[in-house]
Amino acid sequence: MTFADHDFSPCKALIIDGHPTSRSILSAQLRDLGVGTVIQCGRIADARRHLEAREFDLVLCEQHFQDDKASGQSLLDDLRRAQLLPFSTVFVMVTGEASYTAVAEAAESALDSYLLKPFAASSLAERLVQSRKRKRVLREIFSAIEAGDFDQAARLCLVRFQARAPYWLYAARIGAELLLRIGQHDAAQKLFQAVIDAQALPWARLGIARSQLEGGRLQQARRTLEVLISDDPSHADAYDVMGRVHVEQGSLAEALDTYRMATQLTPGSIERLQRQGMLAFYLGEHAEARRALERAASIGITSKMFDLQSMVLLAFSRFRDRDGKGLQRCLDSVRHVHERNTASTRLRRFVWLIEALSLMQNRQVGRVVESLRQMAGELKSPGFDIESALNFLTLLSELAAAELQLEEATHWVDTVAMRFCVSRSLSELLSRAASVHPPYAEQVRGAHAKVTALAEAAMNHSLNGEPRAAVKALLTHGGKTQNTKLIDMARMVLQRHAEKIPDAPELQSLADELYGRFASAAAPSLSGASGTRQSGGLALRAQAAGAAESATPSAATEAPALATAVAAPTT
């Protein structure tokens, strides 16, 4: 242990505790240790603002807050997901809760330490020094991660784990996350299993389920999670992952039930409230959706963790309820963020959409039609993604239900559906987005059937010994509709029968180019923003991710939370 671990003079500390006396005691203890800067706050919302605005070396947080549904645990969980805690920050939970469940839950979030009240200043000093030492010993691993060298970081973790060197268990967890990040799902599962064999821990069992899910073994993942949840019904992250499994399997109602459980366990989690609210909205549970989204907005509207897609869905709800003032508040909130980030296409679309609802409510039909045609001009652009598709279909359906009939609308619905009906789950979600106007919902289901028929007809060529004809048909239809299911099927046929196709390289180049242009729009990650912590995992802050965050004033608005409720396309 070096002297640097004991030197707290350069440190900045944040104390989060609802009790003024406790804050005062903790502040005095930190100052006695030599901490240079100590900031105090008594509410979770205030803590979020502090942690989003600046970095701290030490964070001491109370677990329970009286008269607040949020907890220190939910704050930590949200911060980890949003990558707002760098590796260097030591986060210590301070509480009088001595139950095993609370301690275990804290450990699941890779908490640096956990202190039970009352405690002596010497105990606090010991925990802080130990936590700083661990970060110093593992600095080489953290540096490789922050530089984006995940292969090297994973190798360092495996070496430490195999040698049972200091902090080998923590290194194993980081290593398994890295293996998942770089797509080595089987290797990650083996490492999680090795941790279980050495010391059975819930996070390792959840890691196995995540590895199975990422590897496409949905039934195995489901069985693993069912056992884990049966053994520990309070494991919120397990419900998150189970919800993803349900969505991948197309069981959206089951997914919503599972997300409800996660929200009940952590009622102060902004992300979980949004996930529940968004999926409830598309499943037609509008009262539940409104409650969850309004709760998320009330506790997180100023937070980087809040996704303005929630405000869009609230705008739809208020349009249905003919709540003009509420609709205007939604519009004002989105406009305010867009004014600070005018380059964001996503925010511009949000403003257009809510403005159209407001105009319709005020019976300015001509301007509504003009706005719709402007939006429709982007339906074929590569940047028009699944979130935009769902919002546009919902808007068309709401306006049709309000007796705005447009001949072009049928063509627009067909364009969107033929592009984004790439899996059963997405097709179901698209049809539900249009459910307010049943003819549009039926049109979406018809488009899914058309895409399936095109795929089957093309594959018949391959089965009949004509793989080139299959590839040409799939690329022709895929290029016309921009449907990545068809394009990816062409790539699969090329991989399997390249030796039988004379111009395979040229066709492969075309298929790859088409897939590269349109795949990201049709295939949102189930975990939300790229690089953020998945449920049960650790946030791996790479240099590129940090740079992206700092470059955009409202980076969180570019990270669709909707992605947590949408299945990635499968062929």
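Residues are numbered from 1 along each chain as its sequence is written, and side-chain values use heavy atoms, without hydrogens and water. In this predicted model, local features need pLDDT of at least 70 and side-chain atom pairs count only at pLDDT 80 or more, while totals for chains, interfaces and linings use all residues.

Trainee: Where does α27 bend?
Mentor: Helix α27 covers residues 504-522; helices are DSSP runs (H or I, at least four residues) numbered from the N terminus. The bend at a residue is the angle between axes fitted to the seven residues ending there and the seven starting there. That angle is about 35 degrees, and the residue is Gly516.

Trainee: Is Ser310 buried or exposed?
Mentor: Ser310 sits in helix α17 (residues 309-320). Buried means under 20% relative accessible area, exposed over 50%, and partly exposed in between (1.4 Å probe, protein chains only). Because its relative accessibility is 0%, Ser310 counts as buried.

Trainee: Which side chain meets Arg275 in a salt bridge?
Mentor: A salt bridge is a side-chain nitrogen of Lys or Arg within 4 Å of a carboxyl oxygen of Asp or Glu. At 3.0 Å, N to O, the partner of Arg275 is Asp240.

Trainee: Which helix holds Glu294, the partner of Arg318?
Mentor: The side chains of Arg318 and Glu294 meet in a salt bridge at 3.2 Å, N to O. Arg318 lies in α17, so the pair ties together parts 24 residues apart in sequence, with Glu294 in helix α16.

How values were computed. Helices (H or I, at least four residues) and strands (E, at least two) are DSSP runs, numbered from the N terminus. The expected span of a helix is 1.5 Å times one less than its number of residues.
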